[in-house]
Amino acid sequence: MHHKLKYLYIGIDLHKRHHTAVMMTCFHEKRDEIQFENKPSAFPKFLHQVEKLAKKEGLTPMFGLEDVGGYGRGLAMFLIENKYEVKAVNPALTVSMRRSSPNNKKTDAWDAESVARILISNLDTLPTANPHDLYYAISQLVTRRENIVSVVTGIKLQLHQLLGYHYPSYKKFFSQVDGKTALAFWLKYPSPSCLSGVNVGELANFLYKKSNRYMSTKKAEDILSLVQQDGDTSKDYQGVNDFLVKNVVRDLIARDHQLEQIDTELAKHLALLDYKLETMHGISTVTAAELIAEIGDVSRFSSADKLANFAGIAPVQHSSGNKQKSKLGNRSLYDIFYNLAIRQLGVSRAKKPNHPVYHAYYEKKLAEGKTKWQAIICVMRKLVNVIYSMMKNKTEYKMPVLTEQAA
């Protein structure tokens, strides 16, 4: 008997307040539909109904959930604690399934049925759900960090706009407009009027202290000279603009402090897993956390091929003419591997590759006739193998030797 015949497939559409489950046989025959509340007290009753039908059919329950890290995390943990197998279904697959329907319907029941159908079709390739508390904590820290970074981007744009109003040459003052010394300067001197009466020595002393003894007289002279060259930029309601600059700067300083706190927490929790991803060029603590947040427990993937498929780096290709693309897979993880590949292929100011082996591999693929995009995909796929091995064996990264053949 084929192993798929022994299961009762339960696809579950997850929501904040309630879940909808559809149960099917491997022949896509719908057996039942259940709606239940998303709270721990309702889970036992739901499981009892599933077990009752499974016993009647002589089948073993197999669950498929889309969002095991969000609304479905509690249910996934409950089912796993009760010794049931739970598969994580990528939302992109259900979207594709729904769009393939002639009626293109969108209901909770159809979404749950779509999950069940995907569970049946992709049983052997879907990763096992693993809503482990530690991985969940790291995932939430990463999400919080991303939210703050997004907010900071908007705040920085506002700061540029405000500074340009009175400091036309402000970009020449510091190498980083939002660096610590620059922020201290904007906070004390939000407009040229605040520099009135300030001499080179006074400004140099201020910069010297704020830059940890890095900047001094030359920088002070340059700034005062640029301000003088810009001319009189004073406007009505000057006090309002000064207030806004100071307010925005304080907001940036506070956000930077929040990011430092989150990065400290990430480092502390990553240490508990004992992965050594940061030993590889291009992987910082934040990148390592992002990889772990999306991959979770790597043991749920039986091979690097399964991980690549999950990331959408080795999916079924959808082609049109000479173009090949795929929107299946975990797009966040795909983007992480893409950015990591670009870092490996980068070159220093001295024109030396950041990673000679990957750069040589990329050039080799181009020489074979692949497009730049296809060659990058090849590098990403190679990186999946390395990351998978490093996580599975908890080993450090060792730079391979570039042989003449590889070059």
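This is a predicted model: local features need pLDDT of at least 70, side-chain atom pairs count only at pLDDT 80 or more; totals for chains, interfaces and linings use all residues.
Residues are numbered from 1 along each chain as its sequence is written, and side-chain values use heavy atoms, with hydrogens and water left out. Helices (H or I, at least four residues) and strands (E, at least two) are DSSP runs numbered from the N terminus.

**Helix pairs**

- Two packed helices are described by the angle between their axes and the distance between the axes.
- Axes are lines fitted to C-alpha atoms, for helices over the stretch in contact, and angles run from 0 to 180 degrees between N-to-C directions.
- Helix α5 (residues 133-166) and α9 cross at roughly 160 degrees, and their axes come within 9 Å.
- α5 and α9 are therefore roughly antiparallel to each other.
- The contact of α5 with α9 has 25 nonpolar, six polar and seven charged residues (Ala, Val, Leu, Ile, Met, Phe, Trp, Tyr, Cys and Pro count as nonpolar, Asp, Glu, Lys and Arg as charged, and the others, Gly among them, as polar).
- Helix α7 (residues 200-210) packs with helix α8 (residues 217-230) at an angle of about 120 degrees, their axes being 8 Å apart.
- α7 and α8 are therefore oblique to each other.
- V200, L203, A204 and L207 of α7 make the contact with T217, K219, A220, E221, I223 and L224 of α8, where contact means heavy atoms within 4.5 Å.

**Sheet**

- Five strands form an open sheet with mixed pairing, in the order β3-β2-β1-β4-β5; two strands pair if DSSP finds at least two bridges between them.
- β3 (30-37) and β5 (86-88) are the edge strands, each pairing on one side only.
- From one strand to the next, the twist averages 25 degrees.
- Strand β1 (residues 7-14) pairs with strand β4 (residues 60-65) in the parallel sense over six bridges.
- I12 has L65 in β4 as its bridge partner.
- Helix α1 (residues 43-57) packs on the sheet and touches β1, β2 (18-24), β3 and β4.
- Helix α2 (residues 73-81) also packs on the sheet, touching β1, β2, β3, β4 and β5.

**Salt bridges**

- The whole structure holds 16 salt bridges (a side-chain nitrogen of Lys or Arg within 4 Å of a carboxyl oxygen of Asp or Glu).
- E260 lies in helix α9 (residues 238-273) and K180 in helix α6 (residues 180-188), 80 residues apart, and the pair links distant parts of the chain.

Note on methods
Angles under 35 degrees count as roughly parallel, over 145 as roughly antiparallel, 65 to 115 as roughly perpendicular and the rest as oblique.
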